[in-house]
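Subject: Model handover and notes

Hello,

Please find the model below, followed by my notes on it.

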Amino acid sequence: MSSELYACVHAAEFPAQALLRLRTDLQTQPVAVLDGPALQETVCSLNRHAVRRGAVLGMTKLEAEGIGGLQLLSRSTEVEAAAYAVLLECAAKFSPRIEAASQGTGCALVLDIAGMELLFGPPEKLAERLRDQMATAGFRVSIATSANFHVAQIKATATRGIAIIRKGDEAHALEKLHIALLPLTEEQRETFASWGIRTLGELAALPKVELVKRFGAAASDWRALAQGVARHTFQPIEPAFALKEFYDFETPVEQLDSLLFIGARMIDCLVARAVGRAMSLASLSVDMALEGGQVHHLAIHPAVPSVDRKFLLKLLHLEMGAHPPLAAVVSLTLAAEAGQSSKMQLGLFAPQTPEPSRLDVTLARLKAIVGEDRVGTPVLEDTHRSGSFRMEGFVVYAKPTVQEAGNPRMALRRVRPPHPIQVSLHAMKPVCFRDGDTRFEITAVYGPWRTSGCWWSQNGWDTEAWDAMAASANGETFGCLLVLDRMRNEWRLEAFYD
Amino acid sequence: MPSASALRLEIERTLEHRFPAALTPAPKTIYEVAPIGVAPVDALLEGGLPVGAISEVTGPESSGRTSLTLAFLAKRTEGGQVCAWVDAGDAFDPESAAASGVSLKQLLWVRCRNERGLTRSKPWTRLDQALRATDLLLQAGGFAVIVLDLGDMEPAHAMRIPLTTWFRFRQAADRTRCSLVILGKTTYAQSSAALVLESAPFLPENVGGTVWRGCKFEVRRGRQRFTPQLATSRKPPASAWSAISAWEVKRRA
């Protein structure tokens, strides 16, 4: 007794389905896909709405344009490759053994589902779940299950919906199907037509020897296929797990909203695929091919891997807003890096800190308001140069650095950029200075504190700092930091003590 | 003869439709405070700055308002909490903050951009940027302290901030249990502020010598909406405190 059981998933008109998968707005409209060299383009694939409008395969572009309301799209092999990867990913959730069996413009995958009953139930249940899974990914598929590989494949190609073929019913299931489903040449098909043979059932009834005498050894295989007894050696493929989505725009897109409309659907697909493997998206890489051949690259790194669609879309929105493409976008590629789902164990007495995902969005919004390099954590440079620091990205650490707060200290308020001032000296010490039209008397001064460094480079400095207590004419007193740039012989008001 | 409590109960019942609980004092809500880390000022404020409310630290330049705020940040980051400094005038000095004991890794610094750097699509002034940034941080939650530094802003400009903005900030601070500290030359938040600290111009300490060793500051409690406990003892309305220079600390260490 054979324990073989196969399920064939067939996505008809795959070029059209691949293009419409990310374009939900076009899914209810008649769409035809054109293929071929320029000026010789013909319709290679179309959806059912287009068929109802009278469009047929092989129409020229001119003929297709004559049908009112028909949307014409160009075939894209990149989009089809991305869609095929998604189809494969969905199928791999039901069986690790998958063989590609595509013919023509349809895309077919045959799954070895022997022994899967314990996981997914009887073939009917498995087929329903498989169809739902494909529908979630944006594909309309027909599914057939059979103990014979070829029967499942032929039945799925020829029918719509789900077909469950019991063992022993193979020949009966195929008998009314058209003979064109077999791999016949045009001449062979005409010969069968002249004999009055139109269905597989009629072909299966022909005597084997007589058939082989007229068509050769291949006729034996056709007869076995028609009877549902053809044998097959399963050749499973091993798909690599890559989270990547691609969309080729019909016309170059300039508006951010239009890009995000497609980007949102792409993120949905990436998240669904990652969730299927119990993973999250650790980073997103966005490549936008621009008019003129350039590629605009963006990268998004959430603080923790996430599967929150709205959060990822918001980050994409803010990143695109902060770094918009300099030309119209021709195609969009989203690639994600999978990471482990974020889990954080919070302590009962641990201090409250910002939620990582909300903080990411907040930081991106802040950067959009004040600038990319003006939000973050200040890090002091290892130098004696006064006021030197650099900005680094703000990260909330699980175990914060505990630093003991000591006595209160006098703080400076920097003047950025420092004001140039005019200083009067007496006995080599400042006695008063003028900032614009205002004159300030210096009541006490400490210094000079000389520092210099980096004399070997253009960033060298040589300064003389004075701590001064100053008073204006109206009696206001304040402490400030006056600096003499000895290289330029220029006085500056650098900071106030506060 | 009815007892006093029965009499009170009867009066309250009679007036119930007009004044609920007419003779019973309203229960006092005890608000959480966080210490600043400067003992005289903490004593003045009976604990420190309020949590989940707006505090204003006002005063002219060199009045010690920044030193006081940094001391508060140092105390909060000491406990592992995360703080933010929204710098409208781009005047924050990381070196001073580090010297005050602020853990810079736990500090988010938002430096508002100069008007010269504005683009056509983002024509926001520094004040506008600071308010938007503060709003975002308050809504995000998780920050123990957010300092809105309007210290260099002319009062004529900052006084134009609508009262509704301060109401929104107050509600957001209350919801996220964040201490929003506004640093300015004068008070701006008006009735939304739970506490106003007025710093007086500085008094140089130890004038003379070769090194400036420190300053003495005076701070006055201008307004305190909530008291952490019932005011049974009279506290002085003003307090003096002193800050030493960063190099003085290093020398002592």
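The radius of gyration of chain A is 36 Å, whereas a compact globule of 498 residues would have one near 23 Å. That radius is taken over C-alpha atoms, and the globule rule is 2.2 Å times the number of residues to the power 0.38. Along the principal axes, the C-alpha atoms of chain A fill a box of roughly 125 × 60 × 40 Å.

On provenance: this is a predicted model, in which local features need pLDDT of at least 70 and side-chain atom pairs count only at pLDDT 80 or more, while totals for chains, interfaces and linings use all residues. Residues are numbered from 1 along each chain as its sequence is written, with chains lettered from A and ligands numbered from 1 in the order in which they are written.

Chain A holds 15 helices and 20 strands. These are DSSP runs numbered from the N terminus (helices: H or I, at least four residues; strands: E, at least two). Of the 498 residues in chain A, 35% are buried. Buried stands for 20 or more other C-beta atoms within 10 Å of the residue's own, exposed for 12 or fewer, and partly exposed for anything in between, with C-beta atoms placed from the backbone. Among the contacts in chain A with a separation of 6 or more, 58% are between residues 24 or more positions apart; a contact requires C-beta atoms, placed from the backbone, to lie within 7 Å.

One open sheet in chain A has four strands in the order β9-β12-β10-β11, with antiparallel pairing. Pairing requires that DSSP finds at least two bridges between two strands. The edge strands, each pairing on one side only, are β9 (243-253) and β11 (295-300) of chain A. From one strand to the next the twist averages 15 degrees. Seven antiparallel bridges link β9(A) with β12 (residues 329-340) of chain A, and A:L243 is opposite A:A336 in β12(A). Across β9, β10 (279-290) and β12 of chain A lies helix α13 (residues 256-276), at about 30 degrees to β12(A). Axes here are lines fitted to C-alpha atoms (for helices, over the stretch in contact), and angles between N-to-C directions run from 0 to 180 degrees.

In chain B, strand β8 (residues 193-199) is largely enclosed by the rest of the structure, because seven of its seven residues are buried. β8(B) runs parallel to strand β3 (residues 54-58) of chain B, joined by five bridges, and pairs antiparallel with strand β10 (residues 214-224) of chain B, also over five bridges. B:V196 has B:E56 opposite it, and its bridge partner in β10(B) is B:R223.

The largest nonpolar core has 192 residues, and A:A7, A:C8, A:V9 and B:I146 have the most contacts inside it. Such a core is a set of buried Ala, Val, Leu, Ile, Met, Phe, Trp, Tyr and Cys residues joined through C-beta atoms within 7 Å.

At the interface, 53 residues of chain A contact 69 residues of chain B. On the chain A side, α15(A) gives the most, with seven residues. β13(A) pairs with strand β5 (residues 107-111) of chain B in the antiparallel sense over two bridges, where A:V375 is opposite B:V110.

Regards

Definitions and conventions. Contact = placed C-beta atoms within 7 Å.
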